[in-house]
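Please have the sequence and the coordinates to hand while reading.

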Amino acid sequence: MYKILVVDDSPMIVDVFVAMLERGGYDPVACYSGPECLEKLKEFTPDLILLDIMMEPMDGWETLEKIKTNPSTKDIPVMMLTAKQLTPEEAQEYGAYIEDYVMKPTTHRQLYDAIEYILKRRQNITDDVKEAKGAGIEEQIVEEYERLSKSVDVSKRLFKILESTYNLNDGEIKIGENIAHAIKSMQMSIKLQEERLEQIKKSFK
C-alpha cells in the first residue's frame, strides 16, 4: 500500500483527497501547511507527495524547493495538485522538481491514473537503470539517462497543459510576447532533450 502525503492549507480539501485516496487503496497522511509537511518528512518517507500551491504562509513552490534541496528528501516524488493555472515560467523553473501537475477539481479516476502513471514511470526508469548498470554502461551516461527519461516525459505533459491553458492551437488567439518566447524556449528544450535521450538509448543497445 503506497503512503501518500496530502499537503493543502484547506482542511476540507485535505479531507476530500484523503477519502478519495483511501477509497483507491492508498495510505494517505494529512498535512495542512508547508512547514508541517517539512516536519512530517523528518519522521517518515512517503511514496508520493500531493502538494497544493496556493498556501500560506509558505506556498507550494517554496515548499517544493525546500523538499528538493534537502538531500534527505530530494528523491521523494512530488505531484502538484492545485487550482492554479500553470505558467510557462513556472513550468521552466520547477519542471525538473515535479512529477506531474494536476488541476483541481479532479475525479477519482483522474487522480488514480495520475498517481499510477508516476509510480509506474519511476519503476520503469529504475528497472532500466539497473539493467544498464548491469550491462556495464558508464555511470555518468546512466545518470543522464535517468534524469532525461523523467525530464522529457514531465516537460511534455506540462507543455500539453500550457497548450490547453493558452489555446496554442487556435491561430486566432494572440498571446503575450513574453509567454510566446517562454513557450518557444520550452519547445526547443524538449526537442534537444529528446534527441539526446534517443542517442543514449541507441548507445544502450
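Predicted model: local features only at pLDDT ≥ 70, side-chain atom pairs only at ≥ 80, totals over all residues.

An angle between two axes counts as roughly perpendicular when it lies from 65 to 115 degrees.

**H1 and H5**
- The axes of helix H1 (residues 11–23) and helix H5 (residues 108–134) come within 10 Å and cross at roughly 70 degrees, and the two helices are therefore roughly perpendicular to each other.
- On the H1 side the contact involves Phe17, Met20, Leu21 and Arg23, which meet His108, Leu111, Tyr112 and Ile115 of H5.
- Sorted by class, the residues of this contact are six nonpolar, one polar and one charged.

**H6 and H7**
- Helix H6 (residues 139–165) and H7 have axes that come within 9 Å and cross at roughly 145 degrees, and their crossing is left-handed.
- Residues making this contact include Leu148, Ser151 and Val152 of H6, with Ile190, Gln193 and Leu197 among those contributed by H7.
- The contact of H6 with H7 comprises 13 nonpolar, six polar and five charged residues.

**Gln193**
- Gln193 lies in helix H7 (residues 177–204), and because its relative accessibility is 18%, whereas buried means under 20%, Gln193 counts as buried.
- Leaving aside residues up to four places away in sequence, Gln193 touches Leu148, Ser151 and Val152.
- The side chains of Gln193 and Ser151 are joined by a polar contact of 2.6 Å.

Key: Residues numbered from 1 in each chain as written. Heavy atoms only, no water. Helix = DSSP H or I, 4+ residues; strand = E, 2+ residues; numbered from the N terminus. Buried < 20%, exposed > 50% of the residue type's maximum accessible area, 1.4 Å probe, protein only. Polar contact = N/O pair within 3.5 Å; in protein donor to acceptor, adjacent residues only side chain to side chain. Contact = heavy atoms within 4.5 Å. Axes fitted to C-alpha atoms, helices over the stretch in contact; angles between N-to-C directions. Left-handed = near helix turned anticlockwise from the far one by under 90°. Nonpolar A, V, L, I, M, F, W, Y, C, P; charged D, E, K, R; others polar. Parallel < 35°, antiparallel > 145°, perpendicular 65-115°, else oblique.
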